[in-house]
Amino acid sequence: MEIQTFSSEADRGRLTAVALKAFLRLANTWDLKNPEAAALLGVSVSTWERMKRGARDGDLSQDQLTRVSALIGIFKGLHLLFADSTADRWPRLPNKGPMFNRATPIQAMIEGGIPRMIEVRRYIDAVRGGL
């Protein structure tokens with residue numbers, strides 16, 4: 001059995017449609033504005049708007065799939081941590097934690113890119129006892 005990687009063109013081709021579907025759902029649930037969703041995914045606003053309509057110019061890149069993977073992990077972790085609407089509100093709440101410095105997690109992840117997304121995912125996992 002081969003190890004799945006986002007660097008493999010075949011894997012990116014196989015995963016792009018489902019990753020975009022999941023990210024669209026997450027963007028809707030978190031009430032992301034177009035510039036926020038585009039920044040989190042690592043695309044321009046115009047490219048994001050085309051993706052929302054179902055038009056895309058190929059497969060997501062390794063970086064874009066990594067972003068979606070981290071964000072879906074955060075989404076899932078929040079739903080395991082909180083049994084109420086807090087799970088979907090948390091990304092928009094100002095946070096006093098040192099990684100956020102009173103910014104919302106969404107703002108922090110936009111500013112910090114993939115490394116910050118991975119840190120947030122680890123933070124959520126640690127808070128819920130997963131690490």
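## Overall fold

The model is predicted. The chain has six helices and zero strands. Read from the N terminus, the order of elements is α-α-α-α-α-α.

Of the contacts with a separation of 6 or more, 56% join residues 24 or more positions apart.

## Size and surface

The chain has 131 residues, so a compact globule would have a radius of gyration near 14 Å. The chain comes to 15 Å, which agrees with that expectation. Along the principal axes, the C-alpha atoms fill a box of roughly 40 × 40 × 25 Å.

Buried residues account for 38% of the 131 residues.

## Packing of H2 and H3

Two packed helices are described by the angle between their axes and the distance between the axes. Helix H2 spans residues 34–41, and helix H3 spans residues 45–52. Their axes come within 9 Å and cross at roughly 95°. Angles of 65 to 115 degrees count as roughly perpendicular, and H2 and H3 are therefore roughly perpendicular to each other.

On the H2 side, the contact is made by Asn34, Pro35, Ala37, Ala38 and Leu41. H3 contributes Val45, Trp48, Glu49, Met51 and Lys52. By class, this contact has seven nonpolar, one polar and two charged residues.

Notes. Residues are numbered from 1 along each chain as its sequence is written. This is a predicted model: local features need pLDDT of at least 70, side-chain atom pairs count only at pLDDT 80 or more; totals for chains, interfaces and linings use all residues. Side-chain values use heavy atoms; hydrogens and water are left out. Axes are lines fitted to C-alpha atoms, for helices over the stretch in contact, and angles run from 0 to 180 degrees between N-to-C directions. Helices (H or I, at least four residues) and strands (E, at least two) are DSSP runs, numbered from the N terminus. Angles under 35 degrees count as roughly parallel, over 145 as roughly antiparallel, 65 to 115 as roughly perpendicular and the rest as oblique. Contact means heavy atoms within 4.5 Å. Ala, Val, Leu, Ile, Met, Phe, Trp, Tyr, Cys and Pro count as nonpolar, Asp, Glu, Lys and Arg as charged, and the others, Gly among them, as polar. The radius of gyration is taken over C-alpha atoms; the globule rule is 2.2 Å times the number of residues to the power 0.38. Buried means under 20% relative accessible area, exposed over 50%, partly exposed in between (1.4 Å probe, protein chains only).
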